[in-house]
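These are my notebook entries on a single protein model. I set down what I looked up, entry by entry.

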Amino acid sequence: MGMKTRATMCSSLARIEVGMFKSWFRMLEIAVLAAVLLAPLSAGAQSDDLVWSDPVNLSQSGAASAPVIAGGSEGSLQVFWQDRFDGLVTARYQAGTWSAPVPAPLQRVVITEEAERLVAVGTMPEMAADSNGRVHAWWLGNPNPETGYRPLWHSWIAIGETVWLAPDLVAESAVAWDMVSDEDGMLHIFYVRPAHTEQFPAGIYHKRSTDGGATWSTPSLIAASVYFRLLEEEEAYVVGAADALGNVFVVWDDAQTGFSHYAASTDGGVSWNAPERVGDDQVEARHAFIVTDRQEDAAGEVTGSQIVLLWEVVRTTTVCAVYQQTVEAAAGAPLPTWTDPIRVLDDFAVCGETYALQRTASGNPMLVSGAGGDGLSVVLWNGVQWSEPQHLLFGFFEPVTQSGIRLGSLNLTVSGDRLAVVGLGDDQEVWVLQSEPEPDSWAFAPSTPWTDPQPVLAALLPDLPVLTVDDGGTAHALWSQSAAPGETGYALFYSQPETVVGAAAEAAWTQPVALLDSPIGKAEQPDLLEAGGQLHAVWSGGFDGEILYSRAFVRDVYAADGWSIPMKLHAGIARDPQLVAGPEGQIFVAYAVPFNESRGVYLTRSGDGGQNWSESFTVFDAVAGGWVSSGHVALDVDDQGGVHVAWVRLRLPGNGLPEGVYYAYSQDEGKTWTSPVEIAAGAYDWPQVVVAGETVHVLAVRVDGESGVWQRRTVDGESWSPLDVVPGVGEVQGRAAAVADVAGGVHLVAVGAGESGDTSLVYTVWQEEQWRTVETIRLMGAHQHQGAGASADVRSDLGRLDVLFVTHTIPDGSQTPLHERTLWYARREIAAIAGIPEATTAEPVTPTVAVTAEPTSLAPTPTPRPDVNPNAVTGSMPAISLGPITVPLLALFGFAGAGVLVVVALAARFAKTSARRR
């Protein structure tokens with residue numbers, strides 16, 4: 001179907017692979033340099049059964065455009081495209097081999113006063129295959145000089161051939177059309193005629209061909225209205241269908257009201273029933289579409305036909321709902337009454353999209369949307385239900401230049417038991433890929449590995465929450481919260497799931513409590529780590545923004561005296577502290593001093609679980625480097641104790657975009673450092689440094705409008721891969737998060753825009769030297785959202801990835817997000833790995849040390865104990881021994897015995913907050 005397809009799917013996911021993911025929206029895997037992206041309603045379930053072939057360059061010219069593909073018998077394929085110099089060109093796939101491209105000119109005879117001559121069709125025709133192995137080309141001719149109406153032309157070619165049948169004029173006036181081929185090879189063409197005469201009024205017309213398109217019947221008028229005279233090509237809509245019993249159907253949008261109507265013929269299109277409105281008078285149904293499904297007995301004989309009527313109800317300019325009605329038709333019997341409407345395809349439909357119908361080798365109908373765009377979506381019907389939609393985005397490394405190629409102008413067909421996709425690359429070449437196995441084997445795949453994203457809370461969150469998971473499987477979240485928009489955070493808030501649940505279950509979170517309330521000044525930019533049965537926290541706090549550290553046993557996180565007295569790891573202005581544990585129990589903290597004569601990047605460590613800390617070592621001296629400022633530090637440690645730090649070169653606040661991401665390495669626990677390596681020059685921010693096996697990955701978000709997550713990696717500290725985008729992770733909003741598992745995989749999560757512009761959590765993993773399946777988990781709800789970033793923790797021993805991410809709420813009809821943000825939590829199953837793999841016996845690489853840093857004289861000093869607000873914990877929280885956390889009994893007696901003191905403390909804090917606001 002789909003002669004006039006409007007590809008409105010919006011996707012700028014840049015990929016060097018293709019991914020497939022399921023049961024939530026979407027947003028493809030490089031399995032052999034490609035794979036499929038599946039986008040479902042709640043979470044993304046992936047299937048590893050679908051594998052794509054290496055991409056093949058068919059055009060070999062750099063001058064191609066508008067590719068289309070058709071499938072024939074026994075797995076044959078043919079691709080057509082326009083070449084800027086050679087016109088219409090084709091390549092054929094037979095016996096497992098693609099032919100070289102050859103011209104396949106589509107020409108028609110033009111008679112002038114001088115002579116007859118052949119003239120090539122100037123534009124790329126719309127093409128569709130029939131059930132007899134032919135490709136049919138349809139196009140509109142030049143406007144009539146007197147009326148302005150454009151004629152509808154047709155030609156066909158057998159798949160595998162290069163010579164077209166002489167074109168014939170099918171209609172003297174048309175603005176939209178659709179061709180349908182039934183199982184017996186009869187062709188039906190439906191078209192919208194804008195020209196209006198007494199003999200042929202404007203309206204919906206039908207013709208049929210019993211000889212494969214060589215000749216056509218006289219036109220049959222199905223519906224007439226003078227309003228069809230007003231339609232332009234982009235406004236007209238007509239779609240046909242035919243079943244195995246000889247029933248033929250057509251649906252269209254009325255030219256006056258815009259509402260969908262349909263008509264049916266039970267005699268192969270010879271006569272037509274009176275048109276009827278889709279739905280009822282109370283429903284504004286639009287863009288109806290009909291799918292037919294044959295019903296067979298055990299011997300394969302046709303016993304009936306199921307007709308599925310789909311139609312769209314527009315909610316807003318970007319949100320629509322799709323409803324479905326069905327009838328079960330029997331041979332020789334009138335069509336029954338439609339069933340009551342039900343809502344379907346919530347994660348497949350895009351407002352205003354036109355679908356293409358394909359059939360799998362087993363005969364199941366398959367809808368394809370997005371033809372001609374950057375992404376395709378497919379969904380299968382098994383006679384009872386629709387499969388979860390699969391969203392396909394394609395890209396790869398070009399084998400000669402090794403540059404990343406993304407495919408657009410996508411088209412898909414079924415050939416035998418395989419899918420075949422053709423697309424136009426950034427290099428203006430036509431590329432084709434094929435998949436296996438047969439679509440029915442993966443369409444109804446197992447359930448999603450993701451939980452549905454659950455809102456933890458909605459509040460004012462100037463900082464992105466940080467996340468860690470302890471040995472018992474409890475997730476811990478810590479974040480800074482402000483009292484009013486534009487103010488700095490005054491306290492660090494904490495929450496955890498009320499119960500430890502499996503990855504497929506939902507987890508309710510405890511009421512957040514302000515655990516670490518700065519006595520003076522601020523408390524923001526926290527980081528959190530679980531190590532040795534304790535939670536370790538660092539943050540920028542106090543009056544000047546010192547780097548502060550505190551810890552608590554996991555069982556005591558809610559207790560009034562559960563946290564240690566904070567220590568100053570750096571006195572004076574500092575920010576962006578990051579925590580990581582070393583292989584022998586060390587704890588490392590890296591941070592940045594943004595301004596003044598000590599500006600730069602620093603590191604300190606503790607070898608006794610946080611009781612004592614070393615003096616701070618200089619990772620990078622920004623003064624000596626001539627930098628104005630630095631910040632946004634990232635930190636990781638390898639299995640040999642090597643410390644890896646990345647940071648950003650910054651301008652002064654308000655003076656423009658960042659200027660680059662840099663990296664350095666220390667093999668002696670931070671005493672000396674390699675010379676900084678420029679990882680990415682220009683507007684890259686929020687780096688992540690991740691050590692996975694023997695490879696160091698540095699990732700950063702591009703923030704100059706092109707967006708995306710970009711990566712470089714090294715295995716020796718000296719030779720780095722080129723800077724390249726992580727495929728499929730585009731339009732990133734805020735920070736991304738990357739964490740490594742013990743098997744060397746890197747799990748990347750980010751918040752980005754989905755195909756319809758909706759905010760989604762996007763996930764991919766680095767395995768076997770490539771980025772794998774991209775999964776997209778879309779947020780659903782009453783409001784739209786705008787992402788603010790993500791954080792994550794992976795536990796290989798528990799087989800799970802935990803994710804926190806933040807969105808701004810955007811009210812309907814508004815472009816401006818509210819100050820309120822929502823904190824979301826989601827969890828994904830991963831392959832569980834029991835125990836930690838033994839360290840490699842290979843000698844560790846020793847980068848050349850070019851910078852010898854003298855430790856600073858910043859000794860840690862204690863600060864007053866923070867204010868802890870246990871009253872923020874509700875009765876259902878583990879603070880009173882109803883969960884995994886047990887509050888010491890003395891703490892409960894303290895509540896009863898110190899009520900007056902609590903009131904006084906709260907009053908003092910209220911007065912202090914009021915003074916800050918003034």
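**Entry 1: a salt bridge at Arg286**

I began with arginine 286, which is partly exposed at a relative accessible area of 25%. The model is predicted, and I kept that in mind throughout. I then looked up the partner of arginine 286: its side chain meets that of glutamate 284 in a salt bridge, at 3.9 Å from N to O. Glutamate 284 is also partly exposed, with a relative accessible area of 44%.

**Entry 2: further salt bridges**

How many salt bridges does a search of the whole structure find? I noted 20.

I looked at the pair formed by aspartate 704 and arginine 702, whose closest N and O atoms are 3.0 Å apart. Aspartate 704 has 35% relative accessibility and counts as partly exposed. Arginine 702 has 17% and counts as buried, because the cut-off for buried is under 20%.

I turned next to arginine 800 and aspartate 802, whose side chains form a salt bridge at 2.7 Å, N to O. Are these two residues buried or exposed? Arginine 800 is buried, at 5% relative accessibility. Aspartate 802 is buried as well, at 0%.

I also recorded a network of salt bridges that links Glu183, Arg294 and Glu296.

**Entry 3: a surface patch and the sheet beside it in sequence**

I found a nonpolar surface patch made of Val226, Tyr227 and Leu230, with about 270 Å² of accessible area together. Valine 226 lies in the loop between strand 17 (220-224) and strand 18 (238-242). Its relative accessible area is 37%, so valine 226 is partly exposed.

Strand 20 (residues 260-265) and strand 21 are joined by 2 bridges. In one of these strand pairings I noted that histidine 261 has arginine 277 in strand 21 as its bridge partner.

**Entry 4: the whole protein and its confidence**

I counted 3 helices and 65 strands in the protein. Of its 918 residues, 57% are buried. The accessible surface is about 36200 Å², and carbon and sulfur atoms account for 51% of that area.

I checked the pLDDT last. The average is 81, and 79% of the residues score at least 70. Over residues 836-918 the pLDDT is below 50, although I noted 145 contacts beyond near neighbours in sequence for this stretch. Residues 500-506 also stay under 50, with 14 contacts beyond four places in sequence.

How values were computed:
Residues numbered from 1 in each chain as written. Predicted model: local features only at pLDDT ≥ 70, side-chain atom pairs only at ≥ 80, totals over all residues. Heavy atoms only, no water. pLDDT = per-residue confidence, 0-100. Contact = heavy atoms within 4.5 Å. Helix = DSSP H or I, 4+ residues; strand = E, 2+ residues; numbered from the N terminus. Buried < 20%, exposed > 50% of the residue type's maximum accessible area, 1.4 Å probe, protein only. Areas by Shrake-Rupley, 256 points an atom, 1.4 Å probe, with all protein chains shown as cover. Patch = residues over 30% accessible without salt bridge, like charges linked within 9 Å, V, L, I, M, F, W, Y side chains within 5 Å. Salt bridge = Lys/Arg side-chain N within 4 Å of Asp/Glu carboxyl O. Pairing = 2+ DSSP bridges.
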